[in-house]
Amino acid sequence: MSEFKIDGAKIRKMSEEFKVGEDLILLLHKAYCRFSPSIQGRFLAHIMRGMESYIRTLTKNDRFIIICEPYKAGEFSQGQKQAISCYYPSRTTIRSNDKRNSSFIINYNSNLPEKELRDYIAHEIGHIFLAIMKKSRAGDWNSAGVPDTEPLSSIFGIFTMSEKNDFYANYDVSARNHASWQEMFDSFLKIHQGL
Ligand SMILES: [Zn+2]
């Protein structure tokens, strides 16, 4: 079986290094696995579209969109986060006056190497997933006591990229791939520590 498969040892490692309970990680993994079939065999761009339609269904709002774009010239400066995101629930007006509109906007430093950029984006997608799970109380997700912030978004990112790395490996795109699960794990730990 693939070395990128999430197993008990990996869950324990995430719990230790990110200092979050195994029970919480398992709960997130269970929620992730419900979302996962909608992204199988897809590139990261498609994961965003998969997440978009998953959230449209969960929130019953077909006006929800995910926008992912680089910082505009002059917006990114030294010491700033490599990527940021913000969720705009419906009834906030952003780029439109339609009150049903809802969006999640990710901005990133376009100078990041692709491999790292993918991890940052996966981390940010984790934030919208957590926010929506909390809001919708989907499945057995209990909003009381389940944080929707760090480090769970990194752990969501690890789940996503563990699955994707396997997929990209079939395309032999080494610039996009992590050579090992450990290398990918370290990348997410670095993102987490930079926050
Ligand atoms: Zn974050």
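**Leucine 117 in a predicted model**

Colleague: Is leucine 117 buried, partly exposed or exposed, and why?

Modeller: Residues are numbered from 1 along each chain as its sequence is written. Buried takes 20 or more other C-beta atoms within 10 Å of a residue's own, exposed takes 12 or fewer, and partly exposed is in between, with C-beta atoms placed from the backbone. Leucine 117 has 19 C-beta neighbours inside 10 Å, so the call is partly exposed.

Colleague: Which helix holds leucine 117?

Modeller: Helices are DSSP runs of H or I with at least four residues, strands are runs of E with at least two, and both are numbered from the N terminus. The protein has 6 helices and 3 strands, in the order α-α-α-β-β-β-α-α-α. Leucine 117 sits in residues 114-136, which is helix H4.

Colleague: Which residues does leucine 117 touch, leaving out those up to four places away in sequence?

Modeller: A contact here is two C-beta atoms, placed from the backbone, within 7 Å. On that basis, leucine 117 touches Tyr108 and Leu112.

Colleague: Where is confidence lowest, and where is it highest?

Modeller: Across the protein, pLDDT averages 83, and 83% of the residues score at least 70. Helix H5 (residues 152-169) is lowest, with a mean of 82. The highest, at 96, is helix H1 (residues 8-18).

Notes: Predicted model: local features only at pLDDT ≥ 70, side-chain atom pairs only at ≥ 80, totals over all residues. pLDDT = per-residue confidence, 0-100.
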